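Subject: A structure for you to look through

Dear colleague,

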Amino acid sequence: MALVEVRNVHKSFQRDSQVIEVFENLTLDIAAGSFTALMGPSGSGKSTFLNLLAGLDRPTSGTITVAGAAVNTMSPSALAKWRARHIGFVFQSYNLLPVLTAAQNVELPLLLAPLSKKERAERVRIALGVVGLEDRMVHYPRQLSGGQEQRVAIARAIVSDPTLTLLDEPTGQLDKKSAQEVLTLLQRLNDEFHKTIIVVTHDAHAAEKAKQVLHLDKGVLAA
Amino acid sequence: MKLLPLVFANLRRHRLRTLLTTLGVALAMFLFASLRSVVTTLNAGAEVASAERMGVQNKMAIVFPLPMSYRERLAAVPGVVAVSWANWFGGQYGDGKVFFAQFAVDPESYLAMYPEVVVPPDQKEAFLHERTAALVGQGLMEVFGWKLGQDVTIRGTIFPGDWTFTIRAVYTPSVRAIDDRSFIFRYDYLDERTQHRVTPGWYALKLQDAALAPQVAHTIDAMFENSSAPTKTMTEKAFNQSFVTMWGNVQFLMNSIGMAVVFAILMVTANAMMMTARERTGEVAVLKTIGFTDRTLFGLVMAEAGLVTLTGAVLGLGGAKLLYAGTGFNGFGFLPGFDVTAGTVAVGLGITLLLAVASGAVPALRAYRLSIVQALRHVE
């Protein structure tokens, strides 16, 4: 059974009097341990797809099942708790909290788990170690480069060992060298730690690192 | 508790704004405590009044005197067991910057009628036997560093001239609501210096039984109804309150100002919290994406509002309590026993709670209802 099962998903938005169709009858399976890149032009619905998988948005119709859980039927409160346990999310613009240090940012998802302070500190240290920023624990986001910030964001996404790691244009704001570092890191997470990764990008070079590339255009998927 | 560091981190985000908002709440609570304490102190003065004592003043106003001839007629009223009389002196000491109350009293009847004014026996004897003797409150002695036996000259305003007294006795009130900063001297000295042109400002009566008060008041006021100086006879509590009402409706005024101050600071705090919430729309969306529930985020925003207002309240209410207790403030003699009571602190904390809810509710609800997708669209 696939880790992610998307069945007949239809998603539309209402903008003023206009109805905008994003997907119609979208069906897709993603296996556990896979590294999938989702490509497509702007406005093709890539980010919306990611939001649906993370339970940040709901499909107009159809079902989305992640690790056996029907995401589209959960209450907002149950969805938040499910997300804390199963989803790691990385944004294009990092979205670290500026008032927290790198370690405190990474610790955020763990605050929702029944862990002691010592256990949290240990997991934060390991996560920052995986992304190569163990020596930047007490630095604030403003004291880090863009690449380092994105690596902290990735550490935050993986620290609770989620079922699924979703990344929305993770290299979109990075220079070539930093982007390469982030992509190498994602590869390593998939190869060494068997993390299931779905990355949305319109950077062909970034997509090359993935084991599976899907193209989304006008709501239609193509391998 | 795990999320408390997040609350503190958010409060440190705009340190100056947090500091100014906290100080605003502190100032509002300080003013609230001060204004309410004026009311409670005035009421406390009336509450400790003896039920067996009454006051008789001129019906027109207390500033108009009563004839000395009333003394014997009052003493003859059934139910009255003792009569004393007194006058407001209204002088200035030194540069006049420090105000204190001065009364001329009939010494023997006064001390017998007010056992709350505690005087050592030897000093009491000295006060009773020397015409220019003064009986001074312990607090006033400390204010000026006066010593027993010292001569003190007070410049009269109502009764012109320099009036020199010798401090022969020091009293300590047995109840806090009685001013320990009064200057009391003998009525016969005032009478002599004014060449017998002075008459009592008011009379104090002691009753056989507190239950007789309405009947005694009616009898006295009826007795002098058609005289040149009709009277107004009241229980001591009402008499004390009449001093307060000379200032107008103090209680209403103080409470109104207090509430206006609290309302103004509510606006300021709510505005600060709204600004903070608006600036953090993206962060709230990120926290929701991570898995923070709507309810947790509501709680976090409310905790921030609560911490700011509670810290302000502790500073304001605690500051007022310590400041007034430490300086022995008594409203220049008008507010003996001035104190920020536990009741005032409790009411202040209650208002703080409402303030926290009122200022935090809107931004907290905003965080609660925030749509992650729409919010992220703004920041991404």
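This is a predicted model: local features need pLDDT of at least 70, side-chain atom pairs count only at pLDDT 80 or more; totals for chains, interfaces and linings use all residues.

Residues are numbered from 1 along each chain as its sequence is written, chains are lettered from A and ligands numbered from 1 in the order in which they are written, and side-chain values use heavy atoms, with hydrogens and water left out.

Chain A

The secondary structure of chain A consists of seven helices and 10 strands, where helices (H or I, at least four residues) and strands (E, at least two) are DSSP runs numbered from the N terminus. For its 223 residues a compact globule would have a radius of gyration near 17 Å, and chain A agrees with this at 17 Å; the radius is taken over C-alpha atoms, and the globule rule is 2.2 Å times the number of residues to the power 0.38. Its C-alpha trace spans about 50 × 40 × 40 Å along the principal axes.

In chain A, 56% of the 223 residues count as buried, a word that stands for under 20% relative accessible area, with exposed meaning over 50% and partly exposed lying in between (1.4 Å probe, protein chains only). The accessible surface of this chain is about 9,800 Å², and carbon and sulfur atoms hold 51% of it; such areas come from the Shrake-Rupley method with a 1.4 Å probe, and for residues only the protein chains shown count as cover. If we look at the contacts in chain A with a separation of 6 or more, 69% are between residues 24 or more positions apart, contact being defined as heavy atoms within 4.5 Å.

Two strands are said to pair if DSSP finds at least two bridges between them, and strand 1 (residues 4-15) of chain A is joined to strand 2 of chain A by nine bridges. Along this pairing A:F13 stands opposite A:I20, while A:V6 has A:L28 as its bridge partner. The two strands form a hairpin with two residues between them, and A:D16 in the turn has a positive phi of about 55 degrees. As you follow the strands, keep in mind that in a regular strand the side chains alternate between the two faces of the sheet.

A residue to look at in chain A is A:V130, which is found in helix 4 (residues 117-130) and is buried, with a relative accessible area of 13%. Leaving aside neighbours within four places in sequence, A:V130 is in contact with A:I158, A:L185, A:R188, A:L189 and A:F193. Of these, A:R188 is 58 residues away along the chain, yet the C-alpha atoms of A:V130 and A:R188 are separated by 9.2 Å.

Chain B

Chain B has 14 helices and 11 strands. Its radius of gyration is 29 Å, well over the 21 Å that the globule rule gives for 380 residues, so chain B is more spread out than a compact globule. The C-alpha trace of chain B spans about 95 × 45 × 35 Å along its principal axes, and 49% of the 380 residues are buried.

Strand 10 (residues 202-207) of chain B is mostly covered, with five of its six residues buried. Strand 1 (residues 53-58) of chain B runs antiparallel to strand 10 and is joined to it by four bridges, with B:R53 standing opposite B:K206. Strand 2 (residues 80-88) of chain B also pairs with strand 10 in the antiparallel sense, over six bridges, and here B:S84 stands opposite B:A204.

Finally, B:V39 lies in helix 2 (residues 15-47) of chain B and is buried, with a relative accessible area of 7%. Not counting residues up to four places away in sequence, B:V39 touches B:Q251, B:M254 and B:N255.

With best wishes
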